[in-house]
Amino acid sequence: MSSLAGRTAIITGSSSGIGQGIAIRLAREGANVVIDYVGAPEGAEETRQKAEATGAKAIVVQADVAKVEAVRMLVDEAWKAFGSADILVNNAGMEKKSDFWETCEDDYDHVLGVNLKGPFFLTQAFVQRLRAAKKPGRVINISSVHEDMAFPGFATYCASKGGVRMLMRDLAVELGPLGITVNNVAPGAIATPINTSLLEDKPKLNALLANIPLGRLGSVDDVAGLVAWLASDEAAYVNGSTFIIDGGLSRNYHEQ
Ligand SMILES: NC(=O)c1ccc[n+]([C@@H]2O[C@H](COP(=O)([O-])OP(=O)(O)OC[C@H]3O[C@@H](n4cnc5c(N)ncnc54)[C@H](O)[C@@H]3O)[C@@H](O)[C@H]2O)c1
């Protein structure tokens, strides 16, 4: 039997990259999937077709996670389509490079809005439903190695992912008594559209690869496998942890 048969998962930003891979993987494990996207719908449609090809049920919902009304609507749509939901994957994210001293308010609001405010209020809407129904649940945030490691030129991204780290730790304690677990998956360098400029810059890419003990970038499937395990019954007692998935990158410190 598939590990997630009969469950429903909401995956934000699942029209591309890691979120798309997670949605398809959870569908393959038997879950119904709610595919959230913002902007162009083609990627979300591709995710839906691939998820349905596994035999799963899927719906596509356009919801900007930075907007509280939109995330509430996303949860409403999941309940409308499937009667409830069990798993929330806060995956949607973005980054904006700028020196700290030049970062403008709009960029700050955008990055923090998508990466931190989004998971905060979407998790709140999800938990309100679960609490009312006295149902357990899983919350899995896709944070980053930068929930802990510095990333010069990306102070907004670091602030947002560091915020997600403490949000996860707080909610693990606050929601544990409700039977809801909360954990983070912290990827290192994964080959996805968010890294387009890095992937096109061979010298920079090679320098990065030299620092990754496993000698390659991570794949979307690497991350999706970890998320599928965290969503499964096997991870029932896992709560309040960050799972780094970076090929050893963040442990590879060298004395000069
Ligand atoms: N690729 C990596 O190396 C890497 C490393 C660490 C963490 N991450 C994290 O993984 C997550 C997924 O990123 P990815 O690498 O797949 O890149 P990606 O750009 O392919 O995916 C990000 C997704 O989030 C969506 N999104 C952006 N703003 C949104 C909004 N307001 N509402 C809803 N969706 C929105 C985008 O449309 C896109 O589908 C992000 O949270 C990112 O920070 C990625």
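This is a predicted model: local features need pLDDT of at least 70, side-chain atom pairs count only at pLDDT 80 or more; totals for chains, interfaces and linings use all residues.
On the H1 side, the residues in contact are Gly17, Ile18, Gly21, Ile22, Arg25 and Leu26. Facing them from H8 are Val220, Val223, Ala224, Gly225, Val227, Ala228 and Ala231.

Two packed helices are described by the angle between their axes and the distance between the axes. Here H1 spans residues 17-28 and H8 spans residues 220-231, and their axes come within 8 Å and cross at roughly 50°. That angle is why H1 counts as oblique to H8. As for handedness, the crossing of H1 and H8 is right-handed.

Now walk off the end of H8. Ser232 sits in the loop that links H8 to strand E7, residues 242-245. Is Ser232 buried or exposed? Its relative accessibility is 5%, and because anything under 20% counts as buried, Ser232 is buried. Leaving aside residues up to four places away in sequence, Ser232 touches Ser3, Leu4 and Arg138.

Finally, zoom out to the annotation. An unreviewed UniProt entry places a "domain: Ketoreductase" over residues 7-188.

Technical notes. Residues are numbered from 1 along each chain as its sequence is written. Side-chain values use heavy atoms; hydrogens and water are left out. Axes are lines fitted to C-alpha atoms, for helices over the stretch in contact, and angles run from 0 to 180 degrees between N-to-C directions. Helices (H or I, at least four residues) and strands (E, at least two) are DSSP runs, numbered from the N terminus. Angles under 35 degrees count as roughly parallel, over 145 as roughly antiparallel, 65 to 115 as roughly perpendicular and the rest as oblique. A crossing is left-handed if the near helix is turned anticlockwise from the far one by less than a right angle, and right-handed if clockwise. Contact means heavy atoms within 4.5 Å. Buried means under 20% relative accessible area, exposed over 50%, partly exposed in between (1.4 Å probe, protein chains only). UniProt positions are given in the numbering used here, feature names are shortened, and annotations may be inferred rather than shown by experiment.
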